[in-house]
Amino acid sequence: MEKGLALSPERRDTLHSLRMRSKYAFFLAFVVLVFVFIEKENKIISRVSGKLMQIPQPAVDSNSTDPALGLAENASLLSLSELSSAFTQLQSRLRNFSLQLGAEGAGRAEGEDQAEDGEREAPGGRRHVLLMATTRTGSSFVGEFFNQQANIFYLFEPLWHIERTVAFEAGGASAAGSALVYRDVLQQLFLCDLYVLEHFISPLPEDHLTQFMFRRGSSRSLCEEPVCTPFVKKVFEKYHCKNRRCGPLNVTLAAEACRRKEHMALKAVRIRQLEFLQPLAEDPRLDLRVIQLVRDPRAVLASRMVAFAGKYEGWKKWLAEGQDQLGAEEVQRLRGNCESLRLSAELGLRQPAWLRGRYMLVRYEDVARRPLQKAREMYRFAGIPLTPQVEDWIRRNTQAAQAGTGIYSTQKNSSEQFEKWRFGMPFKLAQVVQAACGPAMRLFGYKLAPDAAALTNRSLSLLEERGTFWVT
């Protein structure tokens, strides 16, 4: 560039954000290369010791929008404990890099004090709640329990932006590498550093204004004053607020609103392994509470085949043509998803020191049957008083005479809807799920159906009665 050639502020901000994206993509690629090397080392170790845990099929998430879990060729699961030495070196670099993203984002309010990490402490009594789930498990519905409370700043799937940007630029990063990125962005969000998202929103925000915050209307905190600025005519907002017309989202106003709220909660379906959250649980600035939401994998598959129809053509073809064998790839994905859930739940229920009092396992079926009771249990676990506002919302939205329309509706007669899948699922499809997900189903208390008659017998429950999974 010739000397003396001046760039406009808008062009300068755009070039800065593009450079930051490139840096992030380069670093993630480095992480992935390290994992490839570690996988090779693990193969050698496994041949010598034979002590690595074996999983019959590769563990890949059945939601194809999520990165695949990285596995060695011998199908040994790449666990965090086996990679502790490598993670020790990578964690500090990635954390510094994520903090740099937030610090360099040209979105800081003028005059805002930036304390050193060691000097910051969690505000007294402030809770940080993570609703950890997978797609089609009722997480949008359960997330509303926190979204409807006025003193909680709630975000709906903010990691959606990171998945789209990082996956595109890094060319399909491994789940381990992606999990590190998700975790460190999550940490910044819990600290109300919403500016970190600006580097992943496309098109890039201008002057910290964006019309493209994913599902903005699903977060009351982003649609109420003062975050809801006056509506600007002729400005299209892809994910607009539902009950009022607002101008483009002002990230600075949203960050300020986050800091003013007493607590923060967010929902994420892209956090796969609980063990990656240990640095957040040990961060003195946070008081993290993790609620892992699970659902009968038979119901999850039935729901996904409707919601993501195009991604389940193999399943549909298998059912329609009456073939004996389903494609190995489909079964591998299903088994991998269930194993990922099981391993995280087993870790949480063991209550290691870093997670003690910070983990709760919730079944969607229990929420559907006793929504108000489960909401009270979740709030008690989080250490947040439940307000009448939330109780009223639960009563109005779980006793509806007619379920809401659309696959993403949160209005339903929950006690009647949660088993609806049983009466439309072919038994041979249920058999595949039961064979692939048996260990997880037994852990969570989902009974196997021995035949088609049992699957559709309303008087026969497929749910074992369990007490609360919250262990103090």
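**Figure 1. Arg215 in the loop between S3 and S4 of the predicted model.** Arg215 is placed in the loop that runs between strands S3 and S4. The model shown here and in the following views is predicted. As background, most residues other than glycine have a negative phi, and most peptide bonds are trans.

Figure 2. Glu225 and Pro226 are joined by a cis peptide bond, for which omega is about 5°.

**Figure 3. Pro203 and His208 in the loop between H5 and S3.** Pro203 belongs to the loop between H5 and S3. The peptide bond that joins Ser202 and Pro203 is cis, with omega about -5°. His208 is likewise found in the loop between H5 and S3. Although His208 is not a glycine, its phi is positive, at about 65°. Is His208 buried or exposed? The relative accessibility of His208 is 18%, so this residue counts as buried, the cut-off being under 20%.

**Figure 4. The surroundings of Glu198.** Glu198 lies in the loop between helix H5 (175–190) and strand S3 (209–210). Its relative accessibility is 10%, and Glu198 therefore counts as buried. Which residues does Glu198 contact, leaving aside its neighbours within four places in sequence? They are Leu204, Pro205, His208 and Val251.

**Figure 5. The packing of helices H9 and H15.** Helix H9 covers residues 313–321, and its axis lies 10 Å from the axis of H15. The two helices pack at an angle of about 130°, which makes H9 oblique to H15. On the H9 side, the residues in contact are Trp315, Trp318 and Leu319. On the H15 side, they are Lys428, Leu429 and Val432. By class, this contact has five nonpolar residues, no polar residues and one charged residue.

**Figure 6. Leu334 of helix H10 and Val432.** Leu334 is located in helix H10. With a relative accessibility of 4%, Leu334 counts as buried. Along the chain, Leu334 and Val432 are 98 residues apart, while their C-alpha atoms are separated by 9.2 Å. Val432 is one of the H15 residues that meet H9.

Figure 7. Rolling a probe the size of a water molecule over the atoms shows where empty space is left. A search of the whole structure finds nine cavities of 30 Å³ or more. The largest cavity contains about 110 Å³ of space. It is lined by 14 residues, of which Pro297, Val300, Asn337, Cys338 and Leu341 are the closest to its centre. Which helices each supply at least two residues of this lining? They are helix H8 (297–307), helix H10 (328–350) and helix H15 (427–444). Sorted by class, the lining has eight nonpolar, four polar and two charged residues.

**Figure 8. The protein chain as a whole, as context for the close-up views.** The secondary structure of the chain comes to 16 helices and seven strands. The chain has 472 residues, and 55% of them are buried. Among contacts between residues at least 6 apart in sequence, 76% join residues at least 24 apart.

Terms used. Residues numbered from 1 in each chain as written. Predicted model: local features only at pLDDT ≥ 70, side-chain atom pairs only at ≥ 80, totals over all residues. Heavy atoms only, no water. 1 Å grid on protein atoms, 1.4 Å probe; cavity = no way out; pocket = protein on both sides within 12 Å on 5 of 7 lines; lining within 4 Å. Points joined across faces, edges and corners; volume = space filled by probe spheres on them. Helix = DSSP H or I, 4+ residues; strand = E, 2+ residues; numbered from the N terminus. Nonpolar A, V, L, I, M, F, W, Y, C, P; charged D, E, K, R; others polar. Axes fitted to C-alpha atoms, helices over the stretch in contact; angles between N-to-C directions. Parallel < 35°, antiparallel > 145°, perpendicular 65-115°, else oblique. Contact = heavy atoms within 4.5 Å. Buried < 20%, exposed > 50% of the residue type's maximum accessible area, 1.4 Å probe, protein only.
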